[in-house]
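The structure is shown first.

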Amino acid sequence: MPPEEPHRIICRLDELLAERDMTLTALADRIGVTVVNLSVLKNQRARAVRFSTLTAICEALDCQPGDVFTLAPA
Amino acid sequence: MPRTFGRTDYAATRLMLGIAVALPPAVTIGLPLLGWAKGEPLGWSGQVGHEQDLPASLAAAGPGAELTWDGTANLTLAEPDAVDRLVALLPGAAGSLLVAAGALLLLGFVRRVQDGAPFAPGSVRVLRTLAGLVVAGAILVPLLDMVADNRLVGAALTEGAEPPVSATFGFGWFLLAVLLLVLAEAFDRGVRLADDVEGLV
């Protein structure tokens with residue numbers, strides 16, 4: 001496996017889901033991404049996100065990409 | 001993640017592989033053992049070690065054609081002993097057990113494909129093991145055939161007659177093993193590519 005590339009991107013998916021009282025499973029069913037992959041995203045283990053996945057998440061949660069991802073301070 | 005096989009296709013594939021696991025040993029081991037238990041005569045087809053022109057009384061050759069008999073005889077031993085029976089069983093048993101082992105490996109491989117993760121180290125190991133099984137069969141089965149031929153044809157010939165000692169190895173099987181190893185290397189590259197996109201959502 002190639003070495004991890006450090007980054008400071010934080011995924012706020014769990015906060016957005018909590019605000020909307022939605023479960024990860026419900027979001028997965030709605031956007032057609034597996035729970036496993038969404039869990040990877042939610043638990044900060046994702047290394048890359050497809051634009052199509054990001055579009056689907058923003059549409060389902062009625063939010064902007066900047067709501068889903070933030071840059072942690074250095 | 002979408003399944004790669006449709007439900008019916010997946011079930012049919014698993015059924016065919018399951019049949020490949022169970023049927024060859026049942027035929028090559030089960031049926032001969034049943035015949036043994038019933039005390040049936042032992043049939044065998046083997047080389048008597050001679051090749052000769054086919055007499056015209058059996059089959060007349062047309063113009064420009066030659067007909068020879070390669071020495072294959074169908075023999076029946078009315079009262080084979082236990083060693084005769086076991087020796088007759090060995091080539092088919094070895095071949096069918098190797099086929100069953102290969103089919104079992106493929107069941108796991110197909111499940112991995114169905115789960116959407118075909119490029120896993122386990123898949124590479126399956127393909128390399130399949131190549132090993134093919135080579136093992138390509139060497140072992142002809143050798144066991146030779147042993148059986150020698151024993152059973154010898155038992156069927158009159159005293160003093162020399163039973164043949166020869167094995168025929170099929171080049172095609174070794175070529176198949178090489179192709180499986182090439183496929184394993186391709187899957188190994190695939191494992192590394194899959195690693196590169198690990199964590200891609």
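Is B:Phe119 buried, partly exposed or exposed? With a relative accessible area of 39%, B:Phe119 is partly exposed, because that value falls between the 20% and 50% limits. The model discussed here is predicted.

## The aromatic cluster in chain B

Over all chains, the count of aromatic pairs comes to 2. In one of them, the ring centres of B:Phe109 and B:Phe187 are 5.6 Å apart and the planes stand at 55 degrees, so the pair is tilted. B:Phe109 belongs to helix α2 (residues 82-114) of chain B and B:Phe187 to helix α4 (residues 171-196) of chain B, so this pair ties together parts 78 residues apart in sequence. B:Phe109 counts as buried, at 13% relative accessibility, and B:Phe187 counts as buried at 14%.

The rings of B:Phe119 and B:Phe187 also form a tilted pair, with centres 5.0 Å apart and planes at 35 degrees. Here the link runs from the loop between α2 and α3 (121-156) of chain B, where B:Phe119 lies, to helix α4 of chain B, which holds B:Phe187; the two residues are 68 residues apart. Through these ring pairs B:Phe109, B:Phe119 and B:Phe187 form a cluster.

## The interface of chain A and chain B

Contact between the chains involves 13 residues of chain A and 7 residues of chain B. About 920 Å² is buried between chain A and chain B, and 58% of this is on carbon and sulfur atoms. The interface has 0 salt bridges by the rule applied, while 7 residue pairs are in polar contact, both residues at pLDDT 80 or more.

On the side of chain A that touches chain B, helix α3 (residues 35-42) of chain A gives the most, with 3 residues. By type, the residues of that side of chain A are 7 nonpolar, 3 polar and 3 charged.

A:Thr53 sits in helix α4 (residues 51-61) of chain A. Its relative accessible area is 6%, so A:Thr53 is buried. Leaving aside residues up to four places away in sequence, A:Thr53 touches A:Val33 and B:Val201. A polar atom of the A:Thr53 side chain lies 3.4 Å from the backbone oxygen of B:Val201.

## B:Leu15 in helix α1

B:Leu15 is part of helix α1 (residues 7-38) of chain B. Its relative accessibility is 53%, so B:Leu15 counts as exposed.

Definitions and conventions. Residues are numbered from 1 along each chain as its sequence is written. Chains are lettered from A and ligands numbered from 1 in the order in which they are written. This is a predicted model: local features need pLDDT of at least 70, side-chain atom pairs count only at pLDDT 80 or more; totals for chains, interfaces and linings use all residues. Side-chain values use heavy atoms; hydrogens and water are left out. Contact means heavy atoms within 4.5 Å. Buried area is the accessible area (1.4 Å probe) that two parts lose on being put together, summed over both. A salt bridge is a side-chain nitrogen of Lys or Arg within 4 Å of a carboxyl oxygen of Asp or Glu. A polar contact is a pair of N or O atoms within 3.5 Å; within protein, one must be able to donate a hydrogen and the other to accept it, and residues adjacent in sequence count only if both atoms are side-chain atoms. Helices (H or I, at least four residues) and strands (E, at least two) are DSSP runs, numbered from the N terminus. Ala, Val, Leu, Ile, Met, Phe, Trp, Tyr, Cys and Pro count as nonpolar, Asp, Glu, Lys and Arg as charged, and the others, Gly among them, as polar. Buried means under 20% relative accessible area, exposed over 50%, partly exposed in between (1.4 Å probe, protein chains only). Rings of Phe, Tyr and Trp (its six-membered ring) pair if their centres lie within 6.5 Å; planes under 30 degrees apart count as stacked, over 60 as edge-to-face and the rest as tilted.
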